[in-house]
Amino acid sequence: MSVSLRKGNTRLPPEVNRVLYVRNLPFNISSEEMYDIFGKFGAIRQIRIGTNKDTRGTAFVVYEDIYDAKTAVDHLSGFNVANRYLIVLYYQQAKMSKKFDQKKKEDEIVKMQEKYGVSTKDK
């Protein structure tokens with residue numbers, strides 16, 4: 001009797017997500033290459049490769065099935081593509097937006113300081 005570890009009773013850790021965030025990609029990687037690499041692990045809904053200065057070398061890969069996404073993370077973290085080792089993470093909205101929120105808050109503080117003539121620098 002074979003026991004399938006797929007679906008059913010398998011409990012996934014809370015960070016597991018159908019959306020993967022991939023870093024350390026070669027800048028010239030094509031969509032076709034991305035589908036070749038990530039498609040081996042299951043049906044892909046979407047791949048978005050970063051194109052501007054801040055996002056080059058990164059991509060989002062969205063799987064149809066969360067178990068396929070987990071398998072991809074398990075197999076592709078550290079995978080060598082054109083002498084670069086991939087960093088494959090589960091996309092975590094909260095962590096990503098926290099970075100942007102922090103910058104926004106810092107900008108707001110600077111504006112408030114300018115508006116009210118307050119300085120935090122030692123005189």
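View 1. Met-112 is partly exposed, with a relative accessible area of 47%, where buried means under 20% relative accessible area, exposed means over 50%, and partly exposed lies in between (1.4 Å probe, protein chains only). This is a predicted model, in which local features need pLDDT of at least 70 and side-chain atom pairs count only at pLDDT 80 or more, while totals for chains, interfaces and linings use all residues. Residues are numbered from 1 along each chain as its sequence is written, and side-chain values use heavy atoms, with hydrogens and water left out. Met-112 lies in helix 3 (residues 93-116), helices (H or I, at least four residues) and strands (E, at least two) being DSSP runs numbered from the N terminus. Together with Tyr-116 and Val-118, Met-112 forms a nonpolar patch on the surface, and the three have about 330 Å² of accessible area together. Accessible areas come from the Shrake-Rupley method with a 1.4 Å probe, and for residues only the protein chains shown count as cover.

**View 2. Helix 2 and what covers it.** In helix 2 (residues 66-76), the buried residues are Tyr-67, Asp-68, Ala-69, Ala-72, Val-73 and Leu-76. Their cover includes strand 1 (19-23), helix 1 (31-39), strand 3 (59-63) and strand 6 (87-90). At the start of helix 2, the backbone nitrogen of Tyr-67 has a side-chain oxygen of Asp-65 within 2.7 Å, and after the helix comes Gly-78, whose phi is positive, near 85°.

**View 3. The largest nonpolar core.** A nonpolar core is a set of buried Ala, Val, Leu, Ile, Met, Phe, Trp, Tyr and Cys residues joined through side-chain atoms within 4.5 Å, and the largest one here has 22 residues. Those with the most contacts inside this core are Leu-20, Met-34, Phe-38, Val-61, Tyr-63 and Val-88. Two or more residues come from each of strand 1, helix 1, strand 2 (44-49), strand 3, helix 2 and strand 6, with helix 2 giving the most, 4 residues. Leaving aside neighbours within four places in sequence, Val-88 is in contact (heavy atoms within 4.5 Å) with Leu-20, Tyr-21, Val-22, Phe-38, Val-73, Leu-76 and Ser-77.

**View 4. Phe-41 beside Ala-72.** Phe-41 is found in the loop between helix 1 and strand 2, and at 18% relative accessibility this residue counts as buried. Although Phe-41 and Ala-72 are 31 residues apart in sequence, their C-alpha atoms are 5.7 Å apart in space. Beyond neighbours within four places in sequence, Phe-41 is in contact with Tyr-63, Asp-68, Thr-71, Ala-72, His-75 and Leu-76.

View 5. Asn-24, in the loop between strand 1 and helix 1, has a phi near 65°, a positive value in a residue other than glycine, and is partly exposed at a relative accessible area of 27%. Asn-83 sits in the loop between strand 4 (80-81) and strand 5 (84-85), and its phi is positive, about 65°, although Asn-83 is not a glycine. With 70% relative accessibility, Asn-83 counts as exposed.

Technical notes:
Patch = residues over 30% accessible without salt bridge, like charges linked within 9 Å, V, L, I, M, F, W, Y side chains within 5 Å. Salt bridge = Lys/Arg side-chain N within 4 Å of Asp/Glu carboxyl O. Polar contact = N/O pair within 3.5 Å; in protein donor to acceptor, adjacent residues only side chain to side chain.
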